[in-house]
Amino acid sequence: QGTSFRGDVDPRVLNTGTPGNISANILPRFPLMTTFPNYPYVNRIGGDGQTQLDAFFYNAGYELSPETQLYSFGSAGYKAGRAYENYRLPSVVVSSTGVPLFPAGFSPMENIRETDYSTTLGAKGTVSDTTWNLASTYGRNYDRIYVLGSANSSLYADTGSTPTNFHDGDFTSTEWTNNLDLSHSFNVGMAEPLTVAGGAEYRIDSYELKAGDPASYYKTGAQSFFGYAPSNAGYHQRSNYAFYGDVSATPVAKLKLEAAIRYENYTDFGAATVYKGTVRYDFTDVIAVRATADTGFRAPTMAEQFYSGINVGPTSISGVFAPNSAGAKFLGISGLKPEKSVDFSAGIVTHFLPRLTMTLDGYALKITDRIVQSGNFYGYNTTPRNDISPSVLTALTASGVTIDPNIFKVSSASVSIVSFVNGADTQTYGADFVATYPMDYGAWGHVDYSLSANYNDTKITKIAKPPSNVSPNAVILDQVAVSTIEDSTPKFRATFGAFWTLGKFSANLRESFYGSAYIYGQNAQTGVYTQLKNNQAGITDLELTYEVIQSVKFSLGANNLLNTYPTKTPAAYRQAQFNTNSSSYASSVYPNFSAFGFNGGFYYGRVTYSF
């Protein structure tokens, strides 16, 4: 997949005529900026990055006897991706005498090279009407992070030399899971046999972050992505074991009951027990009702606990402190707790017509101590704010980050950090509707119709207090973060599908409707929160397939056939970015939270050979 661009000009390289415009001074000093590729559309971050994926999958089995089978399945893949970061002005990287390393400026690219594999080995069978399944799964993901076409401005100013490509560091995650599952049915005089199932699990997780090249984190670090320093690096491991059981019964005809329990114990979070109960009653062949109640427990992922990294931009420093890092503790953040949840659902299943199946389910979900990324804790911001925390600057410096003093001289700049925190309790209500109807049209073929709809509404019921060593006016979740959780996805979605087959020809039509959604953003000049809305939209997908010869099919298709784009960002909001020479102006044409993306139509051809 190649790069895409749906952005706009970069006001920093234009003499815009607005008050305080920096380019009026920059252009005469660095006239070669006008020769930079795609000028004045030099900031290419408003689009997708470039990726290449190679993947291999296998699935195998061997029958030892009629009662026992061995099996194995797995995958291996390699992915290389790169994406543009903010364009840098020529003045960003200069020698001690003021000579620019890049007279026309430069656009760094972040590059990831990922190797991933997973394999499962198992055996299953039956002994005296007891089914058993013993399996072991091991997976490993290894990511190498690079910055290409960049520079370390501090290193260049101090020594007169800098690499232009940097190895920023590596991530490695592994998971080894072992399961034993047993199931047996007993005839105890009920309408159907009583089924009892149970099992055990043992898992070991690891997470490692390796430091990058010294040049990637020297002082201000590599432009666009600060390398991971030894203070960020570390190897972490945890294990957990679990026991679980399930009972399914039909005490009388038409009534089905099921109960489940799971006990889990983590080496770093202790133990938890969760429960689930389900009931279904079929009044007739036409209508049935069902309901479920359960509790949940989610331990923080190891990346949520231990990831840390800093991004250095031309006018900003931002990044993530690990919740248990020294920097986070200095601010008053003290690690993570597990999430807990309670969920209820109830629904109805109907067959009012011979081929028509409809289901309608409503649900309610409450999550406590929800793990979220906090809102920004600002150490500095040119936009007027009452929540500036100088402790953030101290924490960054103590974590090995050198803050470029030029950031405090430009017209639009900020220094901030975030962290994963147990930041909120949330309540979600929703409903799911699904209908299917197959129809035979004789000589005109067969059509499978489907209609699905979902309504989902999430509200934050509680927000945690700010850490102790930041401004008391700071918030764990600011208005932008709250709107991201509550309103950034459509509350209503619906999809109509029709799959038509006629001999060797088939057509698959899908019409999706997305309700409106929005988040808040801060006006670059006034600091006032502005609603950035994406209006409701319909998206058409279509695929036509023809079997030219046996086992060979040709397909032509389109995702977003009519080339629909999201609602553009409000002009006044973008004008404020333009007036302050913000690099964000180039990437804010369309909202980045659109449920159907901002690239427009995708059209493809495919050849399938089956053997």
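In which sense do strands S16 and S17 pair, and over how many bridges? In this predicted model, where residues are numbered from 1 along each chain as its sequence is written, local features need pLDDT of at least 70, side-chain atom pairs count only at pLDDT 80 or more, and totals for chains, interfaces and linings use all residues. Side-chain values rest on heavy atoms, with hydrogens and water left out.

S16 and S17 (residues 446-463) pair in the antiparallel sense over 17 bridges, where pairing requires that DSSP finds at least two bridges between two strands, and strands (E, at least two residues) and helices (H or I, at least four) are DSSP runs numbered from the N terminus. Within this pairing, Thr426 has Ile460 of S17 as its bridge partner, and in the hairpin, which has five residues between the strands, Gly442 takes a positive phi near 65°. S17 is also joined by 10 bridges to strand S18 (residues 492-502), the two running antiparallel, and here Asp448 has Phe499 of S18 as its bridge partner.

S16 (414-440) is also one of the elements against which the buried residues of helix H6 pack, together with strands S11 (309-312), S12 (316-321) and S15 (377-381) and helix H5 (326-331), contact meaning heavy atoms within 4.5 Å. In H6 (residues 390-398), Ser391, Val392, Ala395 and Leu396 are buried, that is, under 20% relative accessible area, whereas exposed means over 50% and partly exposed lies in between (1.4 Å probe, protein chains only).
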